[in-house]
Amino acid sequence: MRNEMTLSFVAIEENEALARMAMTCFITPLDPTLEEISEFKTIVSEAVTNAIIHGYNCDGKSLVTIHAVIDDNKIIMTVEDQGEGIFDVEQAMEPMFTTKPLLERSGMGFTIMESFSDSLSVESMLGSGTVVRFEKTFSPVTEVSRMR
Amino acid sequence: MAEINQIDGIMVVTLSGELDNLEANKIRSTISSSIFTGKIRGIVWDLSRLGFMDSAGIGLILGRMRDLAPYNGETIILNPSATMEKIFSFSGLGPNIRRGSVDSVIGEIGGVLYEK
């Protein structure tokens, strides 16, 4: 199947749950396994939280935009903000690196996104924002059970 | 949601619902102040009823391990889901994971501390 969607919301922490819920509904027709759903939800949560907290400092007015395409069993998704940008993307992607230790950010967001997706790329420019793009392929539950 | 109980100096934090950044910020100070006022010698994070967790959960647990460090407190993560278990392993918290009942791990912490 093929499907496409865009979702924009202001940068408040309450919208992390909105993004997780909306995106979970979007992939439900692909019939993913429970573990795939939960990994996908985690990726969405990490990317959106980064945009809200680091991109916009929870300013409550700037917009985070999710764009997603379903192509057969695969989702291709971007999470975009026009916020602060990342000073050094390579450093930001190192496990345990965080610019906000006082907020108890663990610095594990990118590690988790990388591990739970099939591919991940991050484009960022200081002062103009960040785009995180990832792909994840799902194995439909019905197909898995047929294989067994 | 977090439900906090103390059993014999060991704090049991039972989490339910979704533990993200917003939720972690809501429950952090309650858990911290319990540690500082309660002569706590260990925390059991019971995740049996937790539906979702992202890296905010790692931040919350690592932060409380720091709170506990002056008291040499133990940290046990009980019954996380498969996805949560992966997240804990990425963060070096794999050795803190246990499966079983709250009573059995409280026994374990009691035993570990007794030997010390």
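**View 1. Cysteines and disulfides.** A disulfide is a pair of cysteine sulfur atoms within 2.5 Å. By this rule, the count over all chains is zero. The model shown here is predicted. Cys25(A) has a relative accessible area of 54%. Cys58(A) has a relative accessibility of 31%. Cys58(A) therefore counts as partly exposed, since this value lies between 20% and 50%.

**View 2. The contact between chain A and chain B.** Chain A brings 25 residues to the contact, and chain B brings 23 residues. The area buried between the two chains is about 2000 Å². Carbon and sulfur atoms give 50% of this area.

View 3. Seven salt bridges are found between chain A and chain B. One of them joins Glu35(A) to Lys86(B). The closest N and O atoms of this pair are 2.9 Å apart. Polar contacts between the chains number 15 residue pairs, counting residues at pLDDT 80 or more.

**View 4. The side of chain A that touches chain B.** Three helices of chain A each supply at least two residues to this side: α1 (15-27), α2 (34-55) and α4 (109-116). The largest share comes from α2(A), with nine residues. By class, this side of chain A holds ten charged, eight polar and seven nonpolar residues.

How values were computed
Residues numbered from 1 in each chain as written. Chains lettered and ligands numbered in written order. Predicted model: local features only at pLDDT ≥ 70, side-chain atom pairs only at ≥ 80, totals over all residues. Heavy atoms only, no water. Contact = heavy atoms within 4.5 Å. Buried area = accessible area lost by both parts, 1.4 Å probe. Salt bridge = Lys/Arg side-chain N within 4 Å of Asp/Glu carboxyl O. Polar contact = N/O pair within 3.5 Å; in protein donor to acceptor, adjacent residues only side chain to side chain. Helix = DSSP H or I, 4+ residues; strand = E, 2+ residues; numbered from the N terminus. Nonpolar A, V, L, I, M, F, W, Y, C, P; charged D, E, K, R; others polar. Buried < 20%, exposed > 50% of the residue type's maximum accessible area, 1.4 Å probe, protein only.
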